[in-house]
Amino acid sequence: MTTATRALLLTGMVLSFANAWSQDRLSGVLKHELQREFTQLKAADKNVYYMSYRVDDIVSYRVTASFGVISSIDSNRVRVFTPTVRVGSYQFDNTHNMQFGGAPGTLPIVDNEDILRLSIWKNTDVAYKNAAQIYEQLLTNKKVRVAEEDTAADFSNAKKEIYFDAPVNYKALKPDLDKVAIALKNFTQVFKQNPDLLQGGANFEFKITRKYFVDTDGSDIVENGTETWQSIFGNTKAGDGMELPLYKLYFAYTPDGLPSGDSVLADVSGMSAKLSELKKSPLADPFVGPAILSGRAAGVFFHEIFGHRLEGKRMKNEFDGQTFKNKIGTEVLPAFLSISMDPTTKNVSGSQVNGYYKFDDEGVAAQKVDVVEQGILRNFLMTRTPINGVSGSNGHARTAPGGIPESRQSNLVVTGKSEKTFNELRDMLIAECKKQGKAYGYLFQDVQGGFTNVGRTTPNAFNVLPTEVYKIYTDGKPDELVRGVDLIGTPLSMFKHITACSNSMETFNGMCGSGSGWVPVSASSPAIFVDVIETQKKSKSSERLPVLPRPDLDK
């Protein structure tokens, strides 16, 4: 080994050690400053009883492309700092019935301890002042308002957790963005060849997150995570002005887990052809009758319509519909269905799922929760905020960086015992259509997402947003692609009409944007047969199609 080689290796080791030392230093600064701030605040205000610091140190790499042209290649790093100060007591504090808020800030990307401590101090001061003001307002409100239905405490104890992931090797994880750009350019070049399309693009994002959590109960957690998203998307417009988008998302923990380029190119070609077909497809009328939801569509259905109603913390709020709050131990789904929420797994039926984490955003270890067993409701998704009849967290306090943790879903997994092949479900659909006097039923093949209302001030309805829907005819006529269909209904009524499920599982990976911001989730489900669903026409634009052709088509 030459002197130069030894020097090079030594330099690499020094840089590696410096990187590790830098990351470890932030953890030490957070612990030191938390104890200093807590001691001084508690001396100034005896009502301060708990504090925590959370830092999301995020490095992101992104590439975007449209119609064969790279739009952007960029990277970014940010440290989101979220101090939590609880004023009052475990029974009643400043977070009482608070669904939104917080006092997030950012920490500088430096190693200087004095600069870091100064930033932490400033943000903590703001958080304390906000907490103290809210607490005083809540005490005043409590004197003039009627007694609340839920008398459970605002906070509960949790096990002290000590966990430390090794420092991140950012250099080793950095993706080859030039290689990614070439791939995205090739994907979107296929879209460019279709004159029907108004939009044809692709995105890539790789994110590295090192999350720090310390609290005054003694927890000290440093957890690493990575996620990779790649998407292809196209958009066309029907003659009546209806926008017709199609999307496909690919998720993997690291870029090398994404599907091959040839596989994605095949998907792009199929999507392009499907968009041209959708543009010419007939507009569907409102419908009530039988339907099949594919595994992906059913996964979104259960996430939106069922999962959000299992989020325990929201039930503490009297504005929440509390659909299932008093139904533990009762039948809420058909007996052949069971549902679990499992943030401890990275794979479901061979698919990587992105609702995985080791610890939630209140420093509680992730746990698999069997929420429904053979149709019977067994549990809710809980944070450290108990509700009447259910106490203690089960590791489902989650938030986007900077938010207040709420009860949120993770990896939803639906399993069924009444398993049938897809062709058997199809036969059931046709038989039920004939029984109801319907000429056709629906197959919901793919969806882009959905939403649901869970409050008391609006009807507790849902809307699943399909992108690919087919009429299945009873007379043997070929299946027909249609457009303009929204799947709507009310949850309790809809659940009663699920009569069978398939013997294969599909997974929908995505981001859920509920009260505490966007968090990664997945939903895995077999296809389901529903003997009665309701649809309505999708909203559409009144704008005409472009008068001028796309400029790239002139070449």
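# Close-up views of a predicted protein model

**Figure 1. The whole protein, its secondary structure and its dimensions.** The protein has 8 helices and 23 strands. Its radius of gyration is 26 Å, close to the 24 Å that the globule rule gives for 555 residues, so the protein is as compact as a globular protein of that length. This is a predicted model. Along the principal axes, the C-alpha atoms fill a box of roughly 80 × 75 × 45 Å. Of the 555 residues, 53% are buried. Take the contacts between residues at least 6 apart in sequence: 77% of them join residues at least 24 apart.

**Figure 2. Surface and charge of the protein.** The accessible surface comes to about 24,700 Å². Carbon and sulfur atoms account for 53% of that surface. The protein carries 63 positive and 63 negative charges.

Figure 3. Arg550 sits in the segment after strand E23, which spans 517–537. Arg550 has a relative accessible area of 11%. That is under the 20% cut-off, so Arg550 counts as buried. Which backbone oxygens does the side chain of Arg550 reach? One belongs to Lys192, at 2.8 Å. Another belongs to Asn194, which lies 2.9 Å from a polar atom of the Arg550 side chain. Beyond four places in sequence, Arg550 touches Phe67, Phe191, Lys192, Asn194, Pro195 and Leu197.

**Figure 4. Val519 within strand E23.** Val519 is found in strand E23. Its relative accessible area is 2%, so Val519 is buried. Which residues does Val519 contact beyond its neighbours within four places in sequence? They are Arg398, Thr399, Ala400, Arg408, Gly510, Met511 and Cys512. Arg408 is 111 residues away from Val519 in sequence. In space, the two C-alpha atoms are 8.4 Å apart.

**Figure 5. Ser349, a loop residue with positive phi.** Ser349 lies in the loop between strand E10 (347–348) and strand E11 (351–352). Phi of Ser349 is near 50°. This is a positive value in a residue other than glycine. Is Ser349 buried or exposed? Its relative accessible area is 58%, over the 50% cut-off, so Ser349 is exposed.

**Figure 6. Gln374, another loop residue with positive phi.** Gln374 is placed in the loop between strand E12 (369–373) and strand E13 (376–377). Phi of Gln374 is near 50°, and Gln374 is not a glycine. The relative accessibility of Gln374 is 43%. That value falls between the 20% and 50% cut-offs, so Gln374 counts as partly exposed.

**Figure 7. Val390, a buried loop residue.** Where is Val390? Its place is in the loop between E13 and strand E14 (397–398). At 12% relative accessibility, under the 20% cut-off, Val390 counts as buried. Leaving out residues up to four places away in sequence, Val390 touches Ile328, Asn379, Phe380 and Met382. Asp45 is 345 residues from Val390 in sequence. The C-alpha atoms of Val390 and Asp45 are 31 Å apart in space.

Definitions and conventions: Residues are numbered from 1 along each chain as its sequence is written. This is a predicted model: local features need pLDDT of at least 70, side-chain atom pairs count only at pLDDT 80 or more; totals for chains, interfaces and linings use all residues. Side-chain values use heavy atoms; hydrogens and water are left out. Helices (H or I, at least four residues) and strands (E, at least two) are DSSP runs, numbered from the N terminus. Buried means under 20% relative accessible area, exposed over 50%, partly exposed in between (1.4 Å probe, protein chains only). A polar contact is a pair of N or O atoms within 3.5 Å; within protein, one must be able to donate a hydrogen and the other to accept it, and residues adjacent in sequence count only if both atoms are side-chain atoms. Contact means heavy atoms within 4.5 Å. The radius of gyration is taken over C-alpha atoms; the globule rule is 2.2 Å times the number of residues to the power 0.38. Accessible areas come from the Shrake-Rupley method with a 1.4 Å probe; for residues, only the protein chains shown count as cover. Lys and Arg count as positive and Asp and Glu as negative; His and the chain ends are not counted. The place of a charge is taken as NZ of Lys, CZ of Arg, CG of Asp or CD of Glu.
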